[in-house]
Amino acid sequence: WHENRCDFTCWYIMRQRGQVEAGGAPSRPEPPMHLAVVACGERLEETLTMIKSAVLFSLRHLYLHIFAEDQLHASFMEALESWPGFIRSRFNYTVYSISFPSENAAEWKKLFKPCASQRLFLPLILKDVDSIVYVDSDILFLQPVDRLWAFLSQFNSSQLAAMAPEHEEPRIAWYNRFARHPFYGRTGINSGVMLMNMTRMRSTFFKNDMTSVGLRWEELLMPLLQKYKLNITWGDQDLLNIIFHHNPESLLEFPCQWNYRPDHCIYGSNCASAEEDGVYILHGNRGVYHDHKQPAFRAVYEAIRQVGVPLCVRFSKTSVHYSIFNPCKFNIHHSDTPPLLHCPVSLPS
């Protein structure tokens, strides 16, 4: 996906969106999928690259909730508004200031990484949003967001969140070897990709080890931090592990291919679902997008970062709508077959 990169992916995505004529009337638009991200410090470009990947691979409309330090707001809006109209029509967005409970704001903001614990407060801030996908800024979508969103329909009556395990191999996992606090399941959970039914989160009373009665989400967070702050290493992710340790029936696990991290390939390959079906979401933690320790991770990030939005064109049986960012030349024989593409530059292998 260099700025001059085009291939079958473009045709496939546009066909999935119904922009390739295949007969039949277009379906009625569905409600948008909600996607949240938090950006502080030097995370502007990384976050925009994540958003680019999400918009590229989304089939339904997206609503982006971008939580960022105030000095980043203008840069986010300038970048997003510069994207061409038919791409901008694929999503709406709101940029929010970072916001924590006033009495403990400094403590929450410094927990683990700057602003990372903002995700814990999404159900309390976005009170009119039913469900949301939260992702870290170092996430890249390699499959439609819709496929992740579909896990919401798989929730049973007690489940209100979904995450992937922190690890699949207990012998090299972190939580079961080093954690000094309760954690979920055998190896814990990773919160870099988190699907939430926030309506349920706001109304549920959570079991805990501090009181004999259940506590609502907003009642639970600060007491939990006060009890465990000297025992946690990974900040808000550790707090989520503690919460779902006591409420395992409330969590749905999705496969590791939806949160594929360097840990899945540093000590050999240990994500079976990715081996079988490929990586669906790439999570470049450990800073691997920006160093040379994991060349494959960096190559994918650089490909998406450098691409001009949009990647592809819309086309029909009779016309081709060229992107001003994409000089690829199309020779289309039929709308039901991928176009022949002539691109002067391709991705590094």
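## Exercises on a predicted model

Strand β6 (residues 161–165) is largely enclosed by the rest of the structure, because five of its five residues are buried. The model is predicted.

**Exercise 1. Find which strands pair with β6, and in which sense.**

Solution. 
- Step 1. Take strand β7 (residues 189–197). β6 and β7 pair in the antiparallel sense, over four bridges.
- Step 2. A164 has N190 in β7 as its bridge partner.
- Step 3. Take strand β8 (residues 251–253). β6 and β8 pair in the parallel sense, over three bridges.
- Step 4. M163 has E253 in β8 as its bridge partner.

**Exercise 2. Describe how helix α2 (residues 44–57) packs on helix α3 (residues 73–81).**

Solution. 
- Step 1. Two packed helices are described by the angle between their axes and the distance between the axes.
- Step 2. Read them off. The angle is about 35°, and the axes of α2 and α3 are 11 Å apart.
- Step 3. The crossing of α2 past α3 is right-handed.
- Step 4. List the contact residues. From α2 come L44, T47, L48 and I51; from α3 come S75, F76, A79 and L80.
- Step 5. Classify them. Six residues of the contact are nonpolar, two are polar and none is charged.

**Exercise 3. Locate the two disulfides and assign the hand of each.**

Solution. 
- Step 1. Start with C40 and C115. Their sulfurs are joined at 2.0 Å.
- Step 2. C40 lies in the loop between β1 (33–39) and α2, and C115 in the loop between α5 (105–109) and α6 (122–125). The pair links distant parts of the chain, 75 residues apart.
- Step 3. Check burial against the cut-off of under 20%. C40 is buried at 9%, and C115 is buried at 0%.
- Step 4. Turn to C256 and C271. This disulfide also has an S to S distance of 2.0 Å.
- Step 5. Its torsion is about 105°, so the disulfide of C256 and C271 is right-handed.
- Step 6. C256 sits in the loop between β8 and α12 (263–266), C271 in the loop between α12 and α13 (272–277), 15 residues apart.
- Step 7. Check burial again. C256 is buried at 6%, and C271 is buried at 1%.

**Exercise 4. Is C265 buried or partly exposed, and which cysteine sulfur is nearest?**

Solution. 
- Step 1. Look for a partner. C265 is in no disulfide. The nearest cysteine sulfur belongs to C271, 9.7 Å away.
- Step 2. Check accessibility. At 29% relative accessible area, C265 is partly exposed.

Technical notes: Residues are numbered from 1 along each chain as its sequence is written. This is a predicted model: local features need pLDDT of at least 70, side-chain atom pairs count only at pLDDT 80 or more; totals for chains, interfaces and linings use all residues. Side-chain values use heavy atoms; hydrogens and water are left out. Buried means under 20% relative accessible area, exposed over 50%, partly exposed in between (1.4 Å probe, protein chains only). Helices (H or I, at least four residues) and strands (E, at least two) are DSSP runs, numbered from the N terminus. Two strands pair if DSSP finds at least two bridges between them. Axes are lines fitted to C-alpha atoms, for helices over the stretch in contact, and angles run from 0 to 180 degrees between N-to-C directions. A crossing is left-handed if the near helix is turned anticlockwise from the far one by less than a right angle, and right-handed if clockwise. Contact means heavy atoms within 4.5 Å. Ala, Val, Leu, Ile, Met, Phe, Trp, Tyr, Cys and Pro count as nonpolar, Asp, Glu, Lys and Arg as charged, and the others, Gly among them, as polar. A disulfide is a pair of cysteine sulfur atoms within 2.5 Å.
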